[in-house]
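Hi everyone, thanks for coming.

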Amino acid sequence: MGFKEYVGKRTLHGVVTIFLAVTLNFILFRIMPGDPTRAVSGDPRVDTATRLALIAKFGLDRPLFEQYFIYLYNLLRGELGISFVQIGRPVIDIILGRKMVNTIILMGSSMFIAFILGIVVGVFAAWRRGTRIDISFIVISLATYSMPVFWFGMLLLLFFSYYINIFPIAGTITPGLVHPNFLAYAKDYLHHLMAPMITLGVSFFGGYFLFMRDTILDVFTEDYMLTARAKGLSDRKILFKHAMRNALLPMVSLMGVHVTFLISGATMTETVFSWDGLGRLIYDSVRNNDYPVLQGIFLFMAVLVVVASILSDVVNAFLDPRIKEAVD
Amino acid sequence: MAQESLTKGSLRRERFSTSVRRFRGFWALYRQSRIGMFGLFLVLSFVAVALAAPWVAPYDPRALVGKPFERPGEDHVLGTDQVGRDIYSQLIWGSRVSLMVGLFASAFSVAIGTAIGLVSGYLRGPIDTVMMRITDLFITLPNIPLMLILAAIIGRSVWNIILVIAVTGWTGTARMVRAQTLSIKERPYVEAARSVGARDSQIMFRHILPNIIPLIFANAIVGIVNAILAESGLSFLGLGDPTKPSWGLILRHANEVGAMATGRLWFIIPPGICIMLIAIGFAFSSYSLDQILNPRLRERRG
Amino acid sequence: MPVLEIHDLVTNYVTPQGNVDAVSRISFTVEEGQTFGLAGESGCGKTTAAMSIMGLLPSNGRVMGGQIILDGEDLLKKDEKELRKIRWKKMSIVFQGAMNALNPVLNVGEQISEVILEKEEITRNDAMDRVRELFDLVEIEPSRIVDYPHEFSGGMRQRVMIAMALACHPKLVIADEPITALDVIVQNQILDLMKDLQGKLNLSQILITHDLSVIAETCDKVGIMYAGKLVEYAEAGPVFKTPLHPYTSALIGAYPSIVGEKKTLNFIPGSPPNLINPPTGCRFHPRCPYAKDVCSREEPGYVEEEPGHYAACHFVTELRDRLRLEDRR
């Protein structure tokens, strides 16, 4: 099948998966013990008028089966319910706003840095296998892999915020400060982004490094590497043109799988650094039992993971000429 | 040797002694790895501490035995937390939670993954497709939101944590087992077994599964590392059992009272070090295991 | 001047079990425009010899002594940087089983042109033109230079490898079991192609194989290797008509003639020796039907029984008639 067909097929799989996730979401929140409508409207913080409106909107007095379809219909219209904590504020507003941007910036930048560093260092370590540099990086990676993300963040804060003041202690920007222009704002923001980004990035670096190194070592055993040597090509060409291109393929697939862990990692990082994003929102919503928001985030994340997974598969297919021809 | 009768019993005995021999050879190889032995040492140390907790811990971890935020001193080796509980005792008892969650969650997740991967890879067809879609679904489930949903529904407990980690973690094993099954299925001896009339279940369990067991085992150990880290994360976020001392829980308290901003080292550093050490222990062991069991890695040494 | 002269080449592999004496003092010459066949069982050292020439030994392989003189220069005296310049420009190699010898993520045109561009001052377009010419030469549709390796069949991939080996007009081409991995009909096609190219381009080649019939068809001179030693060395005709070494004779005898009478297959009993502790004296003596006492004590030197025809055996003269007779039996 051609490339386009592959993308189409993959997207279809993704849609099916999202659909399943949506259904799972529905089931989980509806099977909570006690008043089945509690998830949406039963919280005592919601006043009667709102509650009645919610019951009407979500058809909570109708049989479960009908509720399901109303739920789906509402979803498609972007109607995710109303927050318990921020009374009256639609969940979808809370999610698709400032917080989402903050989280995406954090996740994106950390992943990017971890990936690039992991690849470059991984290739280098594989090439200089067994040397002190190689072994040191392996040890560093195993150490950071074994470290809980949030603890590393806490250490960073302890040492580089409390003892030596390099990083700010919390938030995305200095509270109360009025920025004269966008540049100043960006600077402040980036300054606050440093520590959480390093934390999340470091937690992923180890995995990427070890995987890349492993993959490249595997590639080295392939026959075409001997051919490349036989052709008298330079070391750099052999490494980057011949070896790395082949090793990148599994790495890209790995990234797709990692998004889930990225979400968990981001949650914990945001909690430690009080970074105003979706992760922190989860933490707060758990404390406050704000179920509609939790449900909304759950959905958002499912979509995010599926999209990332489709993207990584598509990129993989694009890079690997063999897949374009292969049937599933 | 020539005239031994091939009874079921004698075959079983021979298979057993072969396994023992193989294990001894494997152990000899493992002993050579310093990384592996160090890892094993760490693991066993924590297991010892966990088992001996009631006798080794100086205080009841849940009791208020001192003033809040006491610095490390004679009475309390690592000081006290924000309400006056002894941190050192909490650390000792916390090892139980970590080990329990690590071992059980990993075992369940590997069991589920292996079952699904084996069946899916062997039977193929519509069953395979359905199972793969389900696997895709479970890959997308991040454990944190799922955990809090479960916490809301059934309450907070260690077993819930184990359940959630297992339920969100089996997909990796499933995929690997399925891939292995697909390739082993094509091997001549499987075809031979089928032509002799072996049942599907026999082929799966007697022929395919034994070949995958080493890789499954390696996977399981890595799973333990992930489970322990996941448990600490979930406890940190407040999704664990607040009545059971756990390292993640200690760190949660530390975070809540802003211990970083007030420089309370003893509150922050020891629990993290414990998590790290136990994770490193399992990670190192799994690294050595992988070196021994993975044939491609052996080939590379040439 | 000969294109390649090998003098007393010794190559070892260092293994945990000990030193493997893989190539033990072999010498031969390849003249210009000649095809030299290096034949022998698996593990006899022929590939090791090829890798020693190219400088592509694995990390535990070491050339312990001898000379490899390519176009007048001793390759063993060169460092890696110089060798890299020489590789593919003066000597190239066609590997066995091009299945994996080509990089799957680069198209074939790219893989061939990259080495041309690396070795010569030439524009990209001109390099691609040459690739097209090469494809023409090996009878592949020139428009296929943008295709990927997996889009070619086994035989076609081998043609691509051949085209690639010829890309920089090397003085010497080494072909290591070039057709062994292919099925029989394709084998013939590739063999014809190679003979054709040999004639057209006046190539100097070393053809490495265990298949004597291939050697008989294509080679001018032959060296028979056993257990790291060169046991017989002569022009192709004499080697096959009048083999002078018991091993050669046995090897030839193991190939049934399609026109001859039906007979049971002769095989050589035993298996090739362990080269960490090779047999004393003549390395073939444990399996040789004519072995005597001296064979296990002294290593035989080369006896030039006929002009240009050498054999390493203590009893060359005594055995020459018997060997011929045995073969015809």
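Let's start with B:Asp136, which counts as buried at 15% relative accessibility; buried means under 20% relative accessible area, exposed over 50% and partly exposed in between, with a 1.4 Å probe and protein chains only. Please keep in mind that this is a predicted model, where local features need pLDDT of at least 70, side-chain atom pairs count only at pLDDT 80 or more, and totals for chains, interfaces and linings use all residues. Residues are numbered from 1 along each chain as its sequence is written, chains are lettered from A and ligands numbered from 1 in the order in which they are written, and side-chain values use heavy atoms, leaving out hydrogens and water.

So who is the partner of B:Asp136 in a salt bridge? That is B:Arg175, with the closest N and O atoms 3.3 Å apart; a salt bridge here is a side-chain nitrogen of Lys or Arg within 4 Å of a carboxyl oxygen of Asp or Glu. B:Arg175 is partly exposed, at 40%.

In chain C, C:Glu80 forms a salt bridge with C:Arg87. C:Arg87 is buried at 1%, while C:Glu80 is partly exposed at 37%. Shared partners also join A:Lys231, A:Lys241, C:Glu110, C:Glu114 and C:Arg124 into one network of salt bridges. Over all chains, the count is 33.
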